[in-house]
Amino acid sequence: MDVIRRSLVALTLLVGGCVENPITGERELGFVSMAQQIAIGEQQYLPAQQMQGGRYRVDEALTGYVQAVGARVAAASGVELPYEFVVLNNSVPNAWALPGGKLAVNRGLLTELSNEAELAAVLGHEIAHAAGRHGAKSIERGMVSQAVLVGVAVGAADSEYAGTALGVAQTAAGLINQKYGRDAEREADYYGTRFMARAGYDPHAAVTVQQKLLALSERGETSWIEGLFASHPPSAERVANNRALVETLRAEGFQGGEFGAQAYQDALRPLRSDADAYAAYDGARRALAEDRRGDAEARIEEALRLQDREAAFHGLRGDLRLAQSRYDDARINYDRAIERNDGYFAYFLGRGIARARLGAADAAEADLTRSLALLPSAAAYAELGRLAEAAGDHDRAVRYYLTAGQSGSATGQAARTRALTLDLPRRPERYLEAQLSRDAAARLILQVSNPTPVDLADVTVAVETVGQDGARRAYRRTLPALDAGSSRLVLVTEGAAEVLDARAVPVAARVAN
Ligand SMILES: [Zn+2]
């Protein structure tokens, strides 16, 4: 990460220059071109959606509606980008924009809004972030992993699937959870409100949205704190700024704009009618996460009774059956989820694990591979590792386990330990360090180090010396135990004054039980 950052700082000095901010028209320093921003957005859009619950599919017409409102506001922005808008199947009230104009709004935010103009205000704000290259600035300042620019994903993730997200997914998490800063928020409010007013909406809706956010933040509802408030902190100042801007816009002639309250109520009706079903589902998820399985069971049944067409409800019942080791039931529930939505990684991951436990290795591998194409996760790589290991392909298993081990999650750690358990006895020299030195009393001393995160046993190092007379001598030294991250000194031989050359190679070791 540091190496990448340093090389990019160097790159900035070489090729960094002035760019025009598309919404303010001002010249500013920057090195992430619009073409790069569009490429980043396109690369990160799918994983960003996947780690936030995937697309909302029960009422496709709602997505069409949001897309139409978004396209109308985007057209009024005057900044041409390949804009896209999706509704995510997520109860947390949130919306975000990736560089290059890829936007998302959660169904949990849509149900909080009162009219189409408020939606236009939210989308206008996010469009202004993308059009105003705010994400690019965060990358330039190193606030978001600059690895996005070189196609290497590192850095910490902070999302629903943070623990298991890998590679490209970690970068997506960094982009959608970033805080742009106060100046960027002020700019996004200002231009976003102008965009929606130009699109024919009444700008007063930008004030009512801010008031709503402020009131909710003061009530301290946690789902809001996790969502929109984290990246877009509401404040009395923002409400006041928007109010002043509305006065300016009225003076400029923006009168009689549309609120679209009826159109919004019509578009939201199917989703609002499922409010109880999603509340039961959210309760079930919390119950399952806390291992209250009876409670989870009851709430899932309630959600399914209210709305059978939501794939996530079937998927969650699959997760519960998986936790109960009822693999055939789990597979049937994931089948139902996939019938209803074949574009979400978690259903393929769950079914892959269920099929693996049922002994259907080929079908399991197909599902796990499909889940990885949607979102790379430690869980899928670890399961593929187990399948390869069971098939006797240890090299392949080790590669999968080590990939899973790049995640800091418990699954990742367990996979890394498994990789070492398999590979270390065969290639101890790859993981262990052995160094020789001669002390003041002319004794040859061996230092053996275990830089791995696992405790080892029966660590054997072969030492070969060459004396002044050209005679070679071989020694073997074994340590019964060598803890993770520790180092030990062992006497090889006394009277080593005559030794001209010596080398040490770890030849055996195993992971301690
Ligand atoms: Zn914002």
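Analyst: Happy to. One term before we start: two residues are in contact if their C-beta atoms, placed from the backbone, lie within 7 Å. Also keep in mind that this is a predicted model.

User: Thanks! Which residues of α9 meet α12, then?
Analyst: On the α9 side they are His204, Ala206, Val207, Gln210, Gln211 and Leu214. They meet Ala236, Arg238, Val239, Asn242, Arg243 and Val246 in α12.

User: And at what angle do the axes of those two helices cross?
Analyst: The axes of α9 (residues 204–219) and α12 (residues 236–251) cross at roughly 170° and come within 9 Å. Angles over 145 degrees count as roughly antiparallel, so α9 is roughly antiparallel to α12.

User: Let me zoom out. How many helices and strands does the chain have?
Analyst: There are 23 helices and 11 strands in the chain.

User: How much of the chain is buried?
Analyst: Of the 513 residues, 47% are buried. As for contacts between residues at least 6 apart in sequence, 66% of them join residues at least 24 apart.

User: OK, new topic: helix α2. How far does it reach?
Analyst: Helix α2 covers residues 34–50, which is 17 residues, and spans 25 Å from its first C-alpha to its last. That is close to the 24 Å expected at 1.5 Å a residue.

User: Where does α2 bend?
Analyst: At Gln44, by about 40°. A proline, Pro47, follows within four residues.

User: Which residues of α2 are buried?
Analyst: Gln44 and Pro47 are both among them.

User: Now the strands. In what order do β6, β7 and β10 sit?
Analyst: They form an open sheet in the order β6-β7-β10, with antiparallel pairing. The edge strands are β6 (433–438) and β10 (487–493), and each pairs on one side only. Neighbouring strands here are turned by 25° against each other on average, direction ignored.

User: How many bridges join β7 to β10?
Analyst: 6 bridges join β7 (residues 444–449) to β10. To find one spot in that pairing, look at Leu444, which stands opposite Thr493 in β10.

User: What about β8, β9 and β11, what order are they in?
Analyst: These 3 strands also make an open sheet, in the order β9-β8-β11, and the pairing is antiparallel. The edges are β9 (472–482) and β11 (499–511), each with a single partner strand, so one side of each has no neighbour in the sheet. On average, neighbouring strands of this sheet are turned by 20° against each other, direction ignored.

User: And over how many bridges do β8 and β9 pair?
Analyst: Strand β8 (residues 456–467) pairs with β9 over 10 bridges. Val466, for instance, has Arg472 in β9 as its bridge partner.

User: I clicked on Ala508. Where is that?
Analyst: Ala508 is in strand β11. It counts as partly exposed because it has 16 C-beta neighbours inside 10 Å.

User: What is Ala508 in contact with?
Analyst: Leaving aside neighbours within four places in sequence, Ala508 is in contact with Pro425, Pro428, Asp458 and Thr460. The C-alpha atom of Ala508 is also 8.4 Å from that of Glu429, and those two residues are 79 apart along the chain.

User: In which sense do β3 and β5 pair?
Analyst: In the parallel sense, over 5 bridges, with β5 being residues 102–106. Val87 has Val105 in β5 as its bridge partner. Strand β3 (residues 84–88) is largely enclosed by the rest of the structure, because 4 of its 5 residues are buried.

User: Last topic: loops. What is phi of Asp291?
Analyst: Phi of Asp291 is near 60°, a positive value in a residue other than glycine. Most residues other than glycine have a negative phi. Asp291 lies in the loop between α14 (275–289) and α15 (293–306).

User: Is Asp291 buried or exposed?
Analyst: Asp291 is exposed, with 9 other C-beta atoms within 10 Å.

User: And where is Ser325?
Analyst: Ser325 is in the loop between α16 (311–323) and α17 (327–340). Phi of Ser325 is near 60°, and the residue is exposed, with 10 other C-beta atoms within 10 Å.

Technical notes. Residues numbered from 1 in each chain as written. Predicted model: local features only at pLDDT ≥ 70, side-chain atom pairs only at ≥ 80, totals over all residues. Expected span 1.5 Å × (residues − 1). Bend = angle between axes of the 7 residues up to and from the residue. Buried ≥ 20, exposed ≤ 12 C-beta atoms within 10 Å, placed from the backbone. Pairing = 2+ DSSP bridges. Axes fitted to C-alpha atoms, helices over the stretch in contact; angles between N-to-C directions. Parallel < 35°, antiparallel > 145°, perpendicular 65-115°, else oblique.
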